[in-house]
Amino acid sequence: MNKTSQNSGYLRFPQLKQACIRLLTSTDSCRFIARSLKVSPSTIIRLKNKLESQEISNSDEISRLSPKELYEKVYPRKQQDVRNDSQNKYLPDFEKLTSVMIEKKLNITQLYALYESEALSKELQPLSLSYFSARIKIARDLIESDSPEFYYAQTFPYGLYAQLDYTGDKYELLTYNGRITCWIMAIAFPASYYVYAGFVTAQSTAESCRVLCEGFRYLGNRHPSILTVDNARCWCTQHKPHAEAVINENFACYLQEMGMCAEAAPPYTPQRKSCAEHSVGRIQSVMSSLKHEFATTLRTLQEHNKILMEKVEALINKGPFRRSTTLTRDYLFKTYELPLLIPEKKIPEYMGEPISVVVPGSYMVTVQAHQYSVPYLYIKKRVDIYLTNDLVIIKYEGKEIARHLRTDGEGITAVEGHKPSLHQKIDANNRIYASLDDVTSISKALDDGVNRFCLSKIEYDKNNCRAESVTIKTCRAVINGYKRCFFKQLYSEACISVLNLEPYKWSSYSVAEMYKELQNEYNKNQKIQHQEEFEIFRPTEPDDAHLRDFDSFEPDVHGEQS
């Protein structure tokens, strides 16, 4: 038996309407009607007396009354309020209290505790729990009956659950890599009905985890404890009626890394994740008028996702919710749900299955035609490469040793710190000659002859549409030759002399040959000059003048030369 109805004499709207119609149309006794409705017989007797006092004898009249009108006829509030006020009771605004209970997801006991403390602060007597509960239930019936819409009410605590689902509709996006076809994945929070949405290029585990990662970052690095999913292969590898679901291993590992778990809704029961189903329907309704914009506006996938979420925020999360413009999804989420989500310092990227490779001597590993650098100390060692939507993460024995932004297509992505010191010096030298202006400024600071050669070479190559890199290479070789040479003036003359040749001979080799010739000529002249100086200071005596006269030597007493 309904204890509250029995003690207080109040009936919920369905019971009240059914009891009135049966009293007016059937010959059943009050006790029999009370037993079938599970209420007190005295409640039915009082209801019969009220119908007679109101002179209501036609059941059609009852059927035409709205819940609010029927309650006013059967339970006039003014009479009740006067009766309770005479007993020095505190009579609150039950509809306002009921709205607070719905908004904060409180139960009757919690709401009564708040009411009781407020009554004591006003030095008034609180109503009994049974009377209070009955009036709150009536007020809730009135609030819910104001809307012509109906929905299956489910109780979810704030901050605990989120539900995932994909749109059935596909959408075409214009990106810098061409047109791509996408679905939209929704992350819906059933306590507040707040929703996050993002485009996915495939209904895969990697794309699902990417949207989860971006969604949780969007919420300030916060996430729920439980994700409710359906039987999509990217989330469940096996899911049959009356059997335990098998969660996708990679998906489960990614959730476990953040301290979350996944639960699968039973097959063919969309009401178990009705929030996600409803959110997907609202998103598809919003996108129906925006398809052309996304298909004709050139953006990156990240930019498309940003625009999509702006539309979802404005038209769904901040729009009216259950006919209320103040208690919106955004308000309920930010006020009650967001503070209860689990905070994380960093939302991890989804790794997936690694690619195992041995680092070559170039310390560059190739991933989908693109090369990424690894610290040179790991040459000839086997590393694991993990791909996310945005990153390439390289690990050695479980330890991360490199991380790069993922780039599609051919090319090289290298980190300076991964290179040996000799290679770093080469790169630093290459950066000095990054443009023709750098070549001009360096040559001007070194020597006038070198500068004249570089300026002439740059002008000639520009007029003949030669590649800038080739010009820089030639000028750089000439500049380095000047730095290494011993006779700086001769090298400067060589640069100027080469400019007198045909322009097609303006090269570093020509300058080097010209410098060699000038150096040989200089050395020859220096030798001749040295000989002439030697002749001037040559002694007049013959070369053997200083030698001893062996004929003048006399033997000693032993017959040997002294």
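**Aromatic rings**

Mentor: Start with phenylalanine 156: this residue is buried, at 13% relative accessible area. Keep in mind that this is a predicted model.

Trainee: How many aromatic pairs does a search of the whole structure find?
Mentor: The search finds 21. In one of them, phenylalanine 156 pairs with tyrosine 161. The pair is edge-to-face, with 5.6 Å centre to centre and 75 degrees between the planes.

Trainee: And tyrosine 161, is that buried or exposed?
Mentor: Tyrosine 161 counts as buried, at 18% relative accessibility.

Trainee: What about tyrosine 193 and phenylalanine 321, what kind of pair do they form?
Mentor: A tilted one. The centres are 5.6 Å apart, and the planes make 35 degrees.

Trainee: Where do those two lie?
Mentor: Both are in loops. Tyrosine 193 is between strand S3 (178-189) and strand S4 (194-200), and phenylalanine 321 is between helix H15 (301-317) and helix H16 (329-337). So the pair ties together parts that are 128 residues apart in sequence.

Trainee: Buried or exposed, tyrosine 193?
Mentor: Buried, at 13% relative accessibility. Phenylalanine 321 is buried too, at 8%.

Trainee: Which residues do ring pairs link into a cluster?
Mentor: Tyr90, Phe94, Tyr112, Tyr115 and Phe132.

Trainee: New topic: charges. What sits over the ring of phenylalanine 294?
Mentor: The charged end of arginine 299, 5.8 Å from the ring centre.

Trainee: And over the ring of tyrosine 386?
Mentor: There it's the charged end of lysine 395, 5.3 Å from the centre.

Terms used
Residues numbered from 1 in each chain as written. Predicted model: local features only at pLDDT ≥ 70, side-chain atom pairs only at ≥ 80, totals over all residues. Heavy atoms only, no water. Phe/Tyr/Trp six-rings, centres within 6.5 Å; stacked < 30°, edge-to-face > 60°. Buried < 20%, exposed > 50% of the residue type's maximum accessible area, 1.4 Å probe, protein only. Helix = DSSP H or I, 4+ residues; strand = E, 2+ residues; numbered from the N terminus. Lys NZ or Arg CZ within 6 Å of the ring centre and 35° of its normal.
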